[in-house]
Amino acid sequence: MLLAAIQLISGRHWQDNKTQIAAELAALPKERPLLALLPENFALFGERQGYLDGAEALGTEPSDAGPIQAQLAAWAREHGIWLVAGAMPTRIPGSTHIHTSSLVFDPNGDRRGHYHKIHLFDVDVADSHGRYRESETFSPGQNCVVVDSPFGPLGLSICYDLRFPELYRQLTLAGARVLLVPAAFTAVTGEAHWEPLLRARAIENQCYVVAANQGGTHETGRQTWGHSMVIDPWGRVLACRPSGAGTVLAEMDAGLIEKLKRTMPVLQHARLL
């Protein structure tokens, strides 16, 4: 089983980003099953109004899907892969705010689950952008989400969620074996914290971690850290791409998870004080 993290340098316009994603998917190896994770803001990376204008409704039927969701489903069918759309803007009925949402598609192109980002990035960073206030545009989700797959249950998260270990412990207790972290981590915070946090989430939960980040300078002037990677349950980085668009791949050994749970049963030993 193959795990893939696709790193992009997305811009404001879906049509341009679509071309970049299609090229990465076409270059994937032919072995299956394969899970491919896109980063946060894969479809649109711009300013507030762009997200509001580009947000799609999450319909219950395929015919309800907007153009971005329709293309994601088509790619999953065409390539016969599990495709996790890292994070894209989705509408909230009756609200002036939107969600940023991760969507999971199976090889038939069916949407098997979705997750709305819980933790919103309202911080000040010492970079050219300076002030980040996601809550001015987005509303937080309320539920942790695990989706069944051939790779084991997938635990969904998005970017800033990474700093909150209690979410990942909830996902693991709900059965997650692979933790997915699509992101647009800034260059400043990424250099300081990206890899240590990812490796910690893998080690403490004895799960694989697939982390797909944006990786370069965007047309908005924002700089993202890149270093998309796949990490095994022992905390080893199996594959990493420091910068630029491209895909990192690693094989998944499901037996390693069970071995670690048997020889070092940390989840059984955990005590809430």
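**Strands, cores and rings**

Q: What is the bridge partner of Gly 155 in S10?
A: In this predicted model, Gly 155 is bridged to Leu 179 of S10.

Q: How do you know that strand S9 and strand S10 pair, and in which sense?
A: Pairing takes at least two bridges. S9 (residues 154–156) and S10 (residues 178–183) have 3 bridges between them, in the parallel sense, so they count as paired.

Q: Which order do the strands of the open sheet have?
A: The sheet has 6 strands in the order S8-S9-S10-S11-S12-S13, and its pairing is mixed.

Q: What makes strand S8 and strand S13 the edge strands?
A: S8 (146–147) and S13 (237–241) each pair on one side only.

Q: Which strands does helix H4 touch as it packs on the sheet?
A: H4 (residues 165–173) touches S8, S9 and S10, and its direction makes about 145° with that of S10.

Q: Which strands does helix H5 lie across?
A: H5 (residues 187–205) lies across S10, S11 (208–213), S12 (228–231) and S13. Its angle to S12 is about 20°.

Q: Which residues touch the most other members of the largest nonpolar core?
A: That core has 47 residues, and Leu 180, Trp 194 and Leu 198 are the ones with the most contacts to other members. Leaving aside neighbours within four places in sequence, the contacts of Trp 194 include Leu 162, Val 181, Phe 185, Trp 225 and Met 229. Another core, of 32 residues, lies apart from it; among its members are Ala 4, Trp 14, Leu 25 and Trp 75.

Q: Why is the pair of Trp 14 and Trp 75 given the name it has?
A: The structure holds 6 aromatic pairs. In this one the ring centres are 6.1 Å apart, and the planes stand at 65°. Centres within 6.5 Å make a pair, and planes over 60 degrees apart count as edge-to-face, so this is an edge-to-face pair. The partners come from distant parts of the chain: Trp 14 is in helix H1 (residues 14–26) and Trp 75 in helix H3 (residues 67–79), 61 residues apart.

Q: Are Trp 14 and Trp 75 buried or exposed, and how do you know?
A: The limit for buried is under 20% relative accessible area. Trp 14 has 10% and Trp 75 has 4%, so both are buried.

Q: What makes the pair of Phe 121 and Tyr 132 stacked, tilted or edge-to-face?
A: The centres are 5.3 Å apart and the planes are at 55°. Planes under 30 degrees apart would be stacked and those over 60 edge-to-face, so this pair is tilted. Phe 121 sits in the loop between strand S5 (111–116) and strand S6 (122–124), and Tyr 132 in strand S7 (residues 131–133), 11 residues apart. At 12%, Phe 121 is buried, and Tyr 132 is also buried, at 5%.

Q: Why is strand S4 said to be largely enclosed by the rest of the structure?
A: In S4 (residues 98–105), 8 of the 8 residues are buried, so the strand is largely enclosed. Ile 98, Thr 100, Ser 102 and Val 104 point one way, while His 99, Ser 101, Leu 103 and Phe 105 point the other way.

Q: How many bridges join S4 to strand S3, and how many to S5?
A: S3 (residues 82–91) and S4 are joined by 7 bridges, and S4 and S5 by 5. Both pairings are antiparallel.

Definitions and conventions:
Residues are numbered from 1 along each chain as its sequence is written. This is a predicted model: local features need pLDDT of at least 70, side-chain atom pairs count only at pLDDT 80 or more; totals for chains, interfaces and linings use all residues. Side-chain values use heavy atoms; hydrogens and water are left out. Helices (H or I, at least four residues) and strands (E, at least two) are DSSP runs, numbered from the N terminus. Contact means heavy atoms within 4.5 Å. Axes are lines fitted to C-alpha atoms, for helices over the stretch in contact, and angles run from 0 to 180 degrees between N-to-C directions. A nonpolar core is a set of buried Ala, Val, Leu, Ile, Met, Phe, Trp, Tyr and Cys residues joined through side-chain atoms within 4.5 Å. Buried means under 20% relative accessible area, exposed over 50%, partly exposed in between (1.4 Å probe, protein chains only).
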